[in-house]
Amino acid sequence: MNKRYDIGVNEVEFFLDSANLEEITQAWNMGVIAGLTTNPTLVAKEGKDFHTLLHTITGIVDGPISAEVIALDHEGMLGEARVLAGINPNIVVKIPMTEAGLRTVKVLAEEGIKTNVTLVFTPVQALLAARAGAAYVSPFLGRLDDIGENGLKVVEEICDIFVVHDIETKVIAASIRNPYHVLEAAKLGSHYATIPFSVLRQLFKHPLTEAGIQRFLDDWKKLEA
Ligand code: G3P
């Protein structure tokens with residue numbers, strides 16, 4: 001698990017995985033996130049116009065913001081991607097891991113539009129996405145765990161292959177379910193972990209931190225008494 005500590009090629013950063021403006025504002029103000037990822041499920045939960053929501057988000061988050069296309073055909077994806085990318089230079093277009101998707105990624109890469117290939121579940125899918133020119137790949141580790149597979153193992157294999165072949169595509173550990181996923185993704189050399197708000201808040205907490213603050217305050221009160 002510690003094998004790449006001495007190489008020092010990556011400096012893990014965190015994205016928030018959300019489309020909720022309150023969460024996004026709060027997380028951005030925490031000062032610990034570098035960007036944002038969304039997906040159609042998260043956007044649908046907000047019940048707002050997608051493009052308007054994205055405009056608003058770009059005014060909050062000063063970093064990569066992944067926004068997903070809905071079309072599944074090449075021309076449809078290309079059209080949506082160009083519109084999304086035109087909203088703000090920080091927009092990264094999320095494209096599903098399909099044949100048409102990778103064809104789209106290649107064209108977008110040639111146009112200078114960054115993509116994040118999503119719904120990646122195997123190292124070879126990640127390799128293909130990288131070869132198509134994806135800026136990011138998103139292995140969904142939680143969903144692999146959900147079906148009894150080892151999501152972290154897949155993240156590890158992708159990171160290993162990318163290091164061995166000096167691939168510039170960045171790995172985003174996605175579908176994070178708990179702080180352990182964040183810790184292990186960082187140890188394995190993932191460039192990013194995209195974290196739901198509930199898990200992000202968990203990362204701050206430790207009972208000894210809470211108890212320590214309380215004890216300091218109690219002792220301080222004795223001085224004032
Ligand atoms: O970024 C991908 C993520 O949103 C998927 O998470 O929890 O729906 O598997 P989940």
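## Ground rules

Buried means under 20% relative accessible area, exposed over 50%, and partly exposed in between, with a 1.4 Å probe and protein chains only. This is a predicted model, in which local features need pLDDT of at least 70, side-chain atom pairs count only at pLDDT 80 or more, and totals for chains, interfaces and linings use all residues. Residues are numbered from 1 along each chain as its sequence is written, and side-chain values use heavy atoms, leaving out hydrogens and water.

## Aromatic cluster

Phe15, Tyr136 and Tyr192 form one aromatic cluster. Rings of Phe, Tyr and Trp (its six-membered ring) pair if their centres lie within 6.5 Å; planes under 30 degrees apart count as stacked, over 60 as edge-to-face and the rest as tilted. The count comes to 4 aromatic pairs. For phenylalanine 15 and tyrosine 136, the ring centres are 6.4 Å apart and the planes at 65°, so this pair is edge-to-face.

Phenylalanine 15 is buried, with a relative accessible area of 2%. Its rings' partner tyrosine 192 has a centre 4.4 Å away and a plane at 20°, so phenylalanine 15 and tyrosine 192 are stacked. Tyrosine 192 is buried too, and tyrosine 136 counts as buried at 7%.

## Nonpolar cores

A nonpolar core is a set of buried Ala, Val, Leu, Ile, Met, Phe, Trp, Tyr and Cys residues joined through side-chain atoms within 4.5 Å. The largest has 58 residues, and among those touching the most other members are Leu16, Val93 and Phe162. A second, separate core of 5 residues includes Phe15 and Tyr192.
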